[in-house]
Each structure stands twice: as structure tokens, then as C-alpha cells.
Amino acid sequence: MKQLYIICMLVIGTCFLQAGDLTVEQIIKKNIEARGGEKNIEALKALEIEGDYNAFSLTNPFKMWKQRPGHYRFDCVMVGAKATFAFDGTRAWQIHPSYGSTDPMRLPNADSLIIERDAVFDPPVYEAKKNGYEIELKGTEDLDDGPAYHLAIMRPDSVVENWFVDAESFLEVKMAGGTYDFGRPVTKEAFYGEYKAVDGVMLPHFIEVEYGTRYRVFTIASIKATDSVPAETFAMPVVEKKEEAEGS
Amino acid sequence: MAKLFTIKNLIAVLLIALIFPASGDEGKEKWRQFRGEMRNGVSPSTNLLDTYPEAGPKKLWSKEIGSGFSTILIENDILYTMYAKDSSEYLAAFDKSKGTESWSTELGKALYNEFGDGPRSTPLITENMIYALSSNGELLAVNKKDGSKSWNRSFNKDYESPTPRFGFSMSPILFKDMLIIEAGGKVEGEGEARKSFNNLIALNAKTGEQLWQHTFEGRASYSSPIQIDFPSGPQILFVTSGRIFSLNPTDGSVVWENRVPGAIAMPILLPGMQLFLSNPDQGGCTMLQLDKEGKAPADTLWQNKFMRNHFNSSIYHDGAIYGFSNATLRCIDVETGKRMWNKRGLGKGSLVAADNKLFVLSDKGKVVVVEAVSDSYKELGTFQAIEGKSWTSPTIANGIIYLRNFSQMAAFDIRKSSL
């Protein structure tokens, strides 16, 4: 009986050692492999994404396009009106019903940073490794679905993103950091699940995001890899100036 | 006399008790104000289902009503709530067995808001009257038998208060014959010289006459007051404009005040005169130790970001706080503030407690019944009760759960005897 107890303790101990013994380099390597490997990740040029988007407790279909480098467009419905958030490779623009206009407009500075970040195409750890951002292993944490490695990624703009990589699948399951909401800095948590392979790259098909008092859910029905997306998709539409009516 | 205590009689009494459990069948339980009789979100109902059939418990009825977020009240056989229809807001009474509307009274023009039109406040039922606040600040006293108007006050006209961004949302409290509520106030000046004022007021519940008014610099909040009974006497506690104001209800004088983060969720009084506050933004939650005599400001016991209630309040049960930290259902320990468990996927939901269980309504109308224990998340059952945006917290009385989404009401029998 005593021997059995010792064996059990050794097995349990070994499991913990495995979880705690990996170096940051090993975790990065395993994460990139779990995502499909550098070759497959680099081979993805553009994505067309469709599904349902939940905002303000209402769910509506959305479409999203992402293309290297830094091109992004997200068409959705918010509080009953069509909204678009986009980054054309240089600048962000939006059509946002909460601003009281259906015309496209450039984003305020702080909010522009969020869209620019959303336009990033690579998996976060891969992006950090490729660009030489500092990645620190903070340890392991027990999340709702099991233990995860906590990696802190120091971006060049001094923003720290805390990524949690599942200790079993080595896929990212959570991000904790900060963002902006109408220009106000707020904390952000995002949760990633239902990974499926798209051209050899594992991509999350369920994403829950909480920031400030906001709650958003992306339930992704399909992700299609493509060589390119038409440039006009990302360009801010030009709005013709409406001539003022005489006497108004 | 001795014959009364025969075994036969005892068995008969036990059988009657089993068939007609203490809670549920008599229809004695009431829910006459926001968050129930004690304004804490806890129902006295017992003998509720421990397991739930896949198809859900017995549905009694569902009914289309107008839009709004007002919670459902119950007294005897009548339900009351508020809604918006066409361009007006209404207070209405419904038969509890079928949900049939028996009367409705117009409160004033409806609030239009991109997050949902209609009333936010919950009415208050007294012996003969029901008091309702529209989202544009019309406070009406209505005869609860037939809906006839007795008196009304306008926060816009009487206190020069502009309608808050999301509408007047606070729910009144009754102290003796006084109706106590936050009324907002006037705005003076422009630009940097702009000043907003707020009023905490008491009205004669019979006449609507103002009895006292406490005016200060601030803005109308979305939080509702509670009553705390100190040895030195009762106080009415408001969390508004970044402060706690604890008022002497007889004259409206401030007995003590604390600076705290603003909140929408109601404060929760805990055993040992501790007070729990929760803020949706960066402030998070705070546990205060109230002065036992209620004469001095409170001391902070702990503060953290684990429970960030947005527009729905938490529940206290047996040493733990349960609530939605934004969109995560969470349990935290009262003594330490430590996070005990999390459950995601229910959106910006709401909850009430009864029979040592939490009845959680997801923001998409799914009811999740959870054992009210802090050691781990233990789900007892779940059913899709209603569809669509559901931001209004449930009501439980006499073993029936009453639910509301943005435009529909429904009732389910959750008594053990219902299966």
C-alpha cells in the first residue's frame, strides 16, 4: 500500500514538474507548433471570417477580413445599426452608430490603437518572437479549464499583454491586458476556444471578450484562407459633401 | 384532548405537510419592492426543485408586454411591472395565474435609448398604493386596486433635473409613511463652470408633499437606497455621486458619509454590520465595516476587482457574495474578498437566491440553477426560459419564478411538488 502511495506521489509529482519545468523558449516553441508551425502560419496571407457577434446581449451576423500586413475590416450590427471598424494598413476608420452618424470617420487616437492591434494577423506569441518582443514566463495558473502557462509579452509601446497557454494543448486560452473604451483606458480579458484548423493553422472559433463594462462574443462559423482581399474592402469610403439646402 | 396525538393523526398531519409544503401553495409570499421584501434579492421560497428536466420545469404562461427593464412584483394574486408601448410608459397589473393584464396606468412619455426603450425602475407596493417612477422622472402614486392616479411629481419640473443618460432608474424605498428616493437636480453654468446638483428627497406617501430634501453637488445615479437599522435608529443609505450618504429618515440630515466609487448595484448589508459595494469600472468591490452605532463613517476592510457589478446587484448567502462581475458569474469570500469560483458564458446576467440555490438568468434568457455554495460551482439544472435580451433580474415567490426579457414575461413552477 505504501509503495502504491509512493508511486502515485511520484507520478503526480512528475506531472507537476512537467508543467513547471518548461522554459519560456520551450513553451513558445510548443505554442507555435500547436498553432500549426511557422511555415503554415507564414503561408496564411488573408482571412475571410463569418459568424455571429454578440454585443449588448444581442446577436447578429458579422463579417471580418484580415490581410497582412495590418489590414482589417469588421462589419457588424451594434444596437440595431450597421457598424464597421477598419484599419487600412496605415490608419483606422469606423462607421459607428453611437457617434450619431452613419458616415465613415477616422477614429480618435486611443480607439485607433485598438483597431490597429486587431489588425495584427499572427498568433501573439509568434508575432512577439518574430519581432523580438520580450516574453517572460510568469509561471502557471489554474484557469477554469485547467492549468495554463502565463506569458507576459512586453510590446514596444510598453503595453503588456498577459497570455495564457493551455498546459495540455499549448494553445492560447486567455489574454489579460488593457484597452480603450471611448478613449478611456480599461482592463480587458479575452478567452479563446473551439480551435479548428484553417489551412494547417489552428484558429479559435469562439472568442469571449470583456473590457470595462463591455461583453462581446464572436461565434465563428467559417474562416476561409485566401490569397488577398480587394483593397477597397479596407479603404475608408469617400463621402460626398452634401450641399446645404438653400435657406437652411 | 389526548386523542389528538394518536399515530393516525400524526401521519395525517405529516401527509398534509408533504402534499402542501409550507412554502409555495398558500401564495403568502410577497415581492413588493426592488430585490424583494428585504431589498436583498433573496426569496423565502423553499422546497424548490433540486434537479431540472431537460425540457425545463412546468411553464405556467408567457406573455408579450411592452419594452423595459422593470422587475416583476407580486402581492397576493397580482403581479405588477412597468413597460413602454408606443410612445408612453405604463404601470400595469396582471393576474398571476395567467398573466392577463387587469389594468394599466400611463406614467408619461417613454424614454428612447439605443440599449432599450422603457422603464428601468421597479415600483413599490404599500398597503393601498403602488408607486412607480418612469424613466423620464414622472413619479406616480397609484391605487393598486384599479390603477387610478392619486398624486404625481415630476423630477424634471419639481427638481429641474434633466433625464440621466440611461433614464431615471432608481427604485423608491418606504420608511413609515415616507417615500424616499433620489430625484436628481438642476444643472448650472456652462463649460468648466458647469455644476450639477442632486437631491435625496422624502415625500409624504399619501399626498406626495415633500417632507425633506438633501441637496448636494452631484448627479442622479442609477442605484437604489437601502434601510439599515442601527441601535441608534434607522438610517437610509444612498450610494450616489461618489459617496455614501447615510441619512436620518425623519429629517433627511446626513448622519455620516464616506467617499466611495460610484455604483449602479445596490449596497448589500451583511451580518456584523458590514456593507458590500460593487462598482463596474476600475474601482471594483469594497467591503466596509460600518460603525456599530451608525454615527461615524465606515472603515474599509478590503477592496479588490474580483466583483464588478454593472447594472445588476450581487447576492449574499452564508459567508459568500455571488454576482456578475461584468459578464462572469463569480463567488467571492466575504471575509477575505478572495475569488472562490467563476462561471463564464452567461453574459451580463442577473440572479436571485432561494432555498439555498442561486437562480441565474443569463442575458439571453437561460435560467441556470446553481447550489449556493462557495467551494465550487455546482450546477443543478438549466433551461431556456425566454429568448433574447434579458437584463431584468428574476422574481421568486410561492415557488414560482417570474422572468422577463426585453418585451416578454413568463412564469415557471419550480416547486418540488410541480413534477
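Colleague: Why is A:Glu208 called buried?

Modeller: This is a predicted model. In the model, A:Glu208 has a relative accessible area of 4%. Buried means under 20%, so A:Glu208 counts as buried.

Colleague: And what makes B:Arg344 partly exposed?

Modeller: Its relative accessible area is 21%.

Colleague: What makes A:Glu208 and B:Arg344 a salt bridge?

Modeller: Their closest N and O atoms are 3.1 Å apart. The cut-off is within 4 Å, so the pair qualifies.

Colleague: How do you know that the pair joins two chains?

Modeller: A:Glu208 lies in strand E12 of chain A. B:Arg344 sits in the loop between strands E26 and E27 of chain B. So the pair joins two chains.

Colleague: What do B:Asp50 and B:Lys357 tie together?

Modeller: Their side chains meet in a salt bridge, at 2.9 Å from N to O. B:Asp50 is in the loop between helix H1 and strand E1 of chain B, and B:Lys357 is in strand E28, so the pair ties together parts that are 307 residues apart in sequence.

Colleague: Is B:Lys357 buried or exposed?

Modeller: B:Lys357 counts as buried, because its relative accessibility is 5%. B:Asp50 is partly exposed, at 36%.

Colleague: How do you know that the span of helix H2 of chain A agrees with what it should be?

Modeller: At 1.5 Å a residue, its 12 residues should span 16 Å. The end C-alpha atoms are 16 Å apart, which agrees.

Terms used
Residues are numbered from 1 along each chain as its sequence is written. Chains are lettered from A and ligands numbered from 1 in the order in which they are written. This is a predicted model: local features need pLDDT of at least 70, side-chain atom pairs count only at pLDDT 80 or more; totals for chains, interfaces and linings use all residues. Side-chain values use heavy atoms; hydrogens and water are left out. Helices (H or I, at least four residues) and strands (E, at least two) are DSSP runs, numbered from the N terminus. The expected span of a helix is 1.5 Å times one less than its number of residues. Buried means under 20% relative accessible area, exposed over 50%, partly exposed in between (1.4 Å probe, protein chains only).
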